[in-house]
Every structure is written in structure tokens, then in C-alpha cells.
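Subject: Structure handover

Hello,

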Amino acid sequence: MLEALGAVEFAPFWLSFKLAGLTTLILFFVSLPLAWYLATTRSRIKPVIEALTALPIVLPPSVLGFYLLISLSQSSPLGELLASWFDITLVFNFTGLVVASCFYSLPFMVQPLQGGFESLNPTMLEASYISGKSRMATLLRVALPNIKPALLTATIVTFAHTVGEFGVVLMVGGSIPDETKVASVAIYEMVEVMDYHSAHIYSGVMVVMSFLVLLSVYLFNRKQSHRFGL
Amino acid sequence: MLTIQTTKSLHGAKGEMLLSVDLEITKGEFVAIAGESGSGKTTLLRILAGLEQASGRIVIDGAVWLDGAVSLPVQERRIGFVFQEYALFPNMSVEEHLLFVNPDRALAQHLLAITQLTSLASRRPAYLSGGQKQRVSLCRAMMNRPQLLLMDEPLSALDPTMRSRLQQEILTLHKEFGTTTLMVSHDPSEIYRLASRVVVLEQGGVVADGSPKEILLKTTGSQKFSFEGEVLEIEKVDVIFVAVVAIGQQLVEVVISPEEAKHLTIGERVEVGVKAFAPILLR
């Protein structure tokens with residue numbers, strides 16, 4: 001068994017985790033103000049923003065990947081602009097994957113955070129405003145520390161979801177070793193060439209790791225709710 | 001001096017209602033706001049705090065908090081607010097609650113000492129009783145030395161013993177800080193003990209305004225004693241009838257005539273009064 005594992009090329013896993021880690025980090029800072037805004041606003045455009053944010057959940061990854069490919073490619077106005085001004089290309093390379101993953105995984109970060117913020121007692125937030133604290137200070141010192149379970153769920157699920165993405169990655173990144181060939185794409189290719197042995201090992205590693213990650217989330221959340229006496 | 005002239009239309013349980021309040025409150029006064037639920041008491045406090053939009057004018061000691069539609073943000077009004085449901089921060093200890101408002105350690109220690117919370121300073125809200133939580137909320141409200149202290153039924157969730165201890169602490173703090181205080185309350189004994197003035201709201205308007213004595217001592221006609229109660233049972237005993245009436249927590253029996261018995265129904269609200277003779281006190 002160990003011999004079999006030793007023979008496996010682990011670069012695609014490493015790439016998957018690097019992609020997921022970066023995506024989670026970027027999305028955390030993007031989603032925090034967005035989720036806070038959605039949870040506290042009474043604006044009429046809230047449903048529109050919510051629907052746009054949730055779109056990646058319902059769209060087939062190939063549709064999202066197709067639009068991203070079209071809009072990021074060098075023949076699009078955006079792609080042209082990025083290429084000529086910043087010398088950046090965003091298709092068939094790792095940077096492009098990160099951008100695409102941020103779109104793809106956005107709802108998995110925003111929704112748990114928004115739910116966490118909405119579950120907070122509104123008078124508790126008002127008590128913070130009355131204490132002279134701005135909305136930003138209230139977010140960082142009162143709201144965020146009291147939604148730890150939601151925070152953990154959001155980051156872990158975003159990470160796991162990005163590790164598990166396939167369609168968008170394939171559309172935008174293709175399968176370039178050490179650049180865009182992530183674990184899920186690697187498994188697809190192994191099955192295509194009927195290398196079931198490697199596919200088994202890769203898939204098994206994915207299942208075990210995903211389970212351990214989710215288990216630790218649920219264990220942590222249970223402990224937290226005990227601690228806060230909820 | 002606090003001047004309140006404010007109007008706001010509310011969508012209450014009984015349909016549209018106009019909250020319209022015009023009050024002058026002397027600095028350092030303790031005012032109780034009474035009235036049925038849905039009369040606009042809480043909304044009035046929230047308007048004063050700046051948590052609710054309204055039009056009109058609010059001026060305190062020369063500082064303009066509201067003028068027309070121009071409203072000073074809640075963060076810049078120097079207020080303390082004590083909510084009925086405490087509204088504490090689960091992630092902070094008792095002491096952190098106080099220092100969150102104002103990093104004045106000496107003041108925090110002093111407040112904790114007055115409210116006997118010193119030994120609980122490092123506990124989080126999950127490990128406090130209701131009375132202790134409300135004390136933390138009270139201390140937190142005093143930490144920025146408020147010009148105006150607002151309390152929305154602060155003691156209604158507590159048992160009578162705890163309530164009376166906290167009343168004393170509220171009074172102590174009110175006097176020591178010289179704060180103008182507005183408290184929503186339903187409890188006549190609480191109002192009598194704490195407030196120097198009572199304002200009664202009904203359907204968004206002020207219907208009574210005076211000292212607790214004037215407003216609360218409701219003895220009309222020649223009655224010396226008069227209590228409101230609910231008829232629980234009407235019983236025939238020989239030739240007379242006896243009604244069992246609940247007055248607060250106390251049940252009393254009252255002899256009534258057959259004619260009266262005919263017109264009374266179980267569950268009806270009645271007034272029990274003593275008229276013809278001087279009452280005696282028993283102990």
C-alpha cells in the first residue's frame with residue numbers, strides 16, 4: 001500500500017491545495033464586507049445582489065467556465081486591457097484559475113457568513129453603536145468574534161469546494177502539469193487513459209481528507225456552542 | 001434640560017398610529033414612561049437614542065441631536081441604553097464589556113464595586129444569572145458617563161428580590177452620575193420608588209404627566225381603598241353569594257348580593273373597594 005502511494009505523483013494535490021488556500025484567503029476579505037452589508041442592509045437591491053452571489057451554485061460549472069474563458073481571454077476587451085496594461089493573462093495559467101475559483105466559490109463564503117451575521121441579536125449590535133463604536137469596529141470586535149462557527153464553516157467549505165472543483169478549472173485552465181493540472185482534473189485524465197490504479201489512490205485520498213475536514217468542522221462547532229451556552 | 005418635540009408615524013398592531021411627543025425634562029430628573037404595550041414607549045426611547053428615524057427636534061443641554069431631518073448619529077450622542085434582554089456581547093468578559101465602551105479602568109472598577117460584580121469581572125455572560133447580566137448592562141451604559149440614560153423595562157425579566165436590589169443600584173448610579181434618566185416601566189411600585197415624574201403614553205400621545213403620587217394613587221370618590229381584580233369564582237353560601245377575586249397575587253373573598261351575583265361573570269375585571277368604615281391594618 002505504502003509502496004503504491006510512494007509511486008504516486010503528488011503535484012496535482014499540492015496545486016489543488018495551493019489554489020484552494022489562495023482562493024479562500026482572497027474570498028474571506030472580499031466576502032466579509034459583502035456578507036456584513038447583506039446581513040444589515042434594508043436596501044431594495046439586496047435580493048438582486050443575493051441572487052447574483054448565489055448564481056455559481058445553480059449554474060453548471062461549464063457555463064460559468066465558458067463565460068470566464070470568453071471574458072478573460074486576450075481577445076475580449078477585459079483580457080486585452082489586462083494584457084496590454086499589466087502584461088497579465090488569465091487563461092490557461094494558475095493566476096487565471098485563482099480568479100475563476102473566486103467566482104466559483106463566492107457563495108460558499110458569503111452565505112455562511114451572512115447567515116452568521118443575521119443570527120446575531122440585533123440589539124447587541126445596537127448596544128455596540130450606542131457604546132460609540134462605528135459599523136467597522138462593531139463588525140470586527142462584536143459581530144465577527146460571535147460567529148466563530150459560521151466563520152469556520154465558511155472558510156472550510158470554501159476551501160473544500162475549491163479543492164473539489166472540476167468543470168470551471170478544466171474550461172479556464174486546461175490541464176498543464178504544475179500549472180493548472182489540479183487533483184480533480186488529474187483523476188479525470190487517469191480514468192480517460194484507464195489508469196484505474198492511480199485513479200483509485202487519488203480518489204481515496206480525496207474522500208478521506210474531505211471527510212476529516214468536515215468532521216473537524218462539526219466537532220469544533222459542537223464545542224463552540226457548548227462554550228457559549230447556546 | 002432635555003427638549004423633545006418629535007413625531008413619527010408607526011405601523012403598529014392596531015394599524016397606523018402617530019407618535020407625537022412634546023416634553024421638557026429637567027437635567028437630572030428621573031422620568032418613568034408608562035402606558036399599554038404598543039403605545040410607543042420603546043419607539044420613543046429608540047428615537048432618543050438615534051436608533052430610529054423621526055422628525056422634530058431633540059436638544060439636550062444645548063447640544064442638538066435632532067433638528068428636522070438632520071440627526072446626530074447614535075455613536076455621537078452620549079447615551080446609555082439598558083435593554084430588557086441585556087444585549088451583552090457573548091465573547092467578552094464582564095470587565096471587557098465596560099472597557100469596550102471606555103478604557104477608563106478606575107471607572108470600571110468603581111462601577112463593578114457599586115453593583116457587586118468585582119468578583120465576577122472575568123466571567124462571560126453565559127455564566128451569569130439574569131440579575132448579574134442586567135447589572136453588567138447597567139454598568140456598560142454608565143461607562144461613557146451618559147447625558148441621558150435610557151432603560152427599556154430593565155427589570156421586568158427579574159424576580160422581585162433581585163428587582164428591588166437593582167432598583168436601589170439604579171437609583172445610586174442615577175444620583176452619583178447626575179444623569180437624566182428615562183425608564184419604561186409597568187410596575188407601579190418601581191415607578192413610585194425610582195421616578196420623580198411619570199409620563200403616560202396612549203396611542204402615541206402623552207395622556208398624563210405628573211408626579212408618581214398624582215398619577216398612581218387612583219382613589220376616586222370617597223373610597224379609601226380600591227384594587228383592580230379578576231373574578232375567579234362565584235359561590236352560593238346559604239342565602240348570600242361569595243365571589244373569589246384575584247388582586248395581583250392575592251385571592252380575596254367578597255360577600256355579594258344575589259342581585260350582584262346575577263350580573264357578574266367569571267373572568268370579569270372588577271374593582272374591590274372599601275367605603276363605609278375606616279380600615280384597620282393587620283400584621
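Predicted model: local features only at pLDDT ≥ 70, side-chain atom pairs only at ≥ 80, totals over all residues.

Chain A

Chain A contains 12 helices and 0 strands. Its pattern, followed along the sequence, is α-α-α-α-α-α-α-α-α-α-α-α. The C-alpha trace of chain A spans about 65 × 50 × 30 Å along its principal axes. Chain A has 230 residues, of which 34% count as buried. Among contacts in chain A with a separation of 6 or more, 73% come from residues 24 or more positions apart.

Contact between the chains

The contact involves 16 residues from chain A and 17 residues from chain B. On the side of chain A that touches chain B, helix H7 (residues 122–130) of chain A gives the most, with 6 residues. Sorted by class, that side of chain A holds 7 nonpolar, 7 polar and 2 charged residues.

Chain B

Chain B is divided into two parts: domain 1 (2–216) and domain 2 (225–274). Taken over C-alpha atoms, the centres of domain 1 of chain B and domain 2 of chain B are separated by 39 Å.

Strand E3 (residues 30–34) of chain B runs parallel to strand E10 (residues 197–202) of chain B, and 4 bridges join them. In this pairing, Val31(B) stands opposite Arg197(B) in E10(B). E10(B) is also joined by 5 bridges to strand E11 (residues 205–210) of chain B, and these two run antiparallel. Here Leu201(B) has Val206(B) in E11(B) as its bridge partner. E10(B) and E11(B) form a hairpin with 2 residues between them. In the turn, Gln203(B) has a positive phi of about 50°.

Cores

In soluble globular proteins, nonpolar side chains tend to be buried together. Here the largest nonpolar core has 83 residues. The residues with the most contacts inside this core are Ala32(B), Ile33(B), Leu48(B), Phe81(B), Cys139(B) and Leu150(B). Helix H6 (residues 94–119) of chain A gives the most to this core, with 7 residues. A second, separate core has 24 residues, including Leu69(A), Tyr104(A), Phe159(A) and Val169(A).

What is Cys139(B) in contact with, leaving aside its neighbours within four places in sequence? Its partners are Leu98(B), Leu111(B), Leu112(B), Thr115(B) and Leu117(B).

Regards

Definitions and conventions:
Residues numbered from 1 in each chain as written. Chains lettered and ligands numbered in written order. Core = buried A, V, L, I, M, F, W, Y, C linked by C-beta atoms within 7 Å. Buried ≥ 20, exposed ≤ 12 C-beta atoms within 10 Å, placed from the backbone. Contact = placed C-beta atoms within 7 Å. Nonpolar A, V, L, I, M, F, W, Y, C, P; charged D, E, K, R; others polar. Domains from an automatic or database assignment. Pairing = 2+ DSSP bridges.
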